[in-house]
Amino acid sequence: MASQKCMEMEGEIKSLMKVWISILASLCYCYFISSRVPKGLLRFLTLSPVLYLFTILPLQLTTVLPTGVTAFFITWLTNFKLLLFTFDLGPLTPNSNSLLHFLSFACLPIRLTPLNSKSKSKSKLKLHFIIFPIKVFLFSLSLMSLKDQYKQKLHPTIILGIYCTLLYLLMDVVLGLCNIVVNAAFGIELQLPSDDPYLSTSLRDFWGRRWNLIVTYTLRHTVYKPVRSLLMSKTVLGPQWASVSGVMATFLVSGLMHELIFYYVTRVSPTWEVTCFFLLHGVCAVAEFGAVKWLGAKWRLHWA
């Protein structure tokens, strides 16, 4: 039994190495070949085989964490960055970065800190480095508490709370580790993965400014802004309705990408519950914005 598990683990490690070698080779092709092609349709055509490859690569893996991380990093974020790269937008500009920079910003969920928030982020970055080991410890503790001998003694509500905590800590630890490695290697200041999402005062504050900021940035530039601009230029919709449509399209795409990642991890056909969850949050965020605008500054809810 033990030897069989060792063989399975060895096979998974070999598959993981092959997958990431394919990823790095494909991104080298993007850097040396696709970047020389004029932006627009022609560059998209040169990138389309890579986009397809990055979509099917997680299917070569079987264990949960490598599959989930590869799907999130590559199938979602890298593919979306390459779509921006088609038009010389986003972090993958063809001329200003070295190959190592290009590979780092393409593969990893990182983003340079915006110039207008650098002074504010420095203090947060220091605090992040201080509390990062604490988050790693809490993640390990939460993981241990879900072992069978402990899990049976816990109330289902507590178990659900632990799963929520694990999700937040896993995202923050994995993304934070990427930030630490790149910061140490290049000495560049990067945006933090999250901004204390447990302090959110509204749905818009949570999704737009605090939770998983690299995904927020990516969706804003690949979905929200294009949809909003298209509807304003091609239809009679005003800025307000175009913005509402952009928000709903963003939540729809986010839900579909989550469904895809869950499929990679579980290999079970989607139930579309996750997509409905994100669409519901989109509706609530739009309603919240409308309520705040309608009520104005005269009446506002307490932050709590």
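Author: A cavity here is a set of points on a 1 Å grid over the protein atoms alone where a 1.4 Å probe fits but cannot get out. Grid points are joined across faces, edges and corners, and a volume is the space filled by probe spheres set on the points. The model is predicted, so local features need pLDDT of at least 70 and side-chain atom pairs 80 or more, while totals for chains, interfaces and linings use all residues. Residues are numbered from 1 along each chain as its sequence is written, and side-chain values use heavy atoms, without hydrogens or water.

Two cavities reach 30 Å³ or more. Helix α9 gives the largest share, three residues. Helices are DSSP runs of H or I, at least four residues, numbered from the N terminus.

The largest cavity holds about 40 Å³. Among its lining residues are Pro109, Ile110, Arg111, Asn179 and Ile214. By class, that lining has six nonpolar, two polar and one charged residues. Nonpolar means Ala, Val, Leu, Ile, Met, Phe, Trp, Tyr, Cys and Pro; charged means Asp, Glu, Lys and Arg; the others, Gly among them, are polar.

Now the open space. A pocket is an open set with protein on both sides within 12 Å along at least five of seven lines. The largest pocket has a volume of about 1800 Å³. It is lined by 50 residues, with Trp207, Trp211, Asn212, His258 and Phe278 nearest its centre. Helix α10 supplies the largest share, 12 residues.

Notes. 1 Å grid on protein atoms, 1.4 Å probe; cavity = no way out; pocket = protein on both sides within 12 Å on 5 of 7 lines; lining within 4 Å. Helix = DSSP H or I, 4+ residues; strand = E, 2+ residues; numbered from the N terminus.
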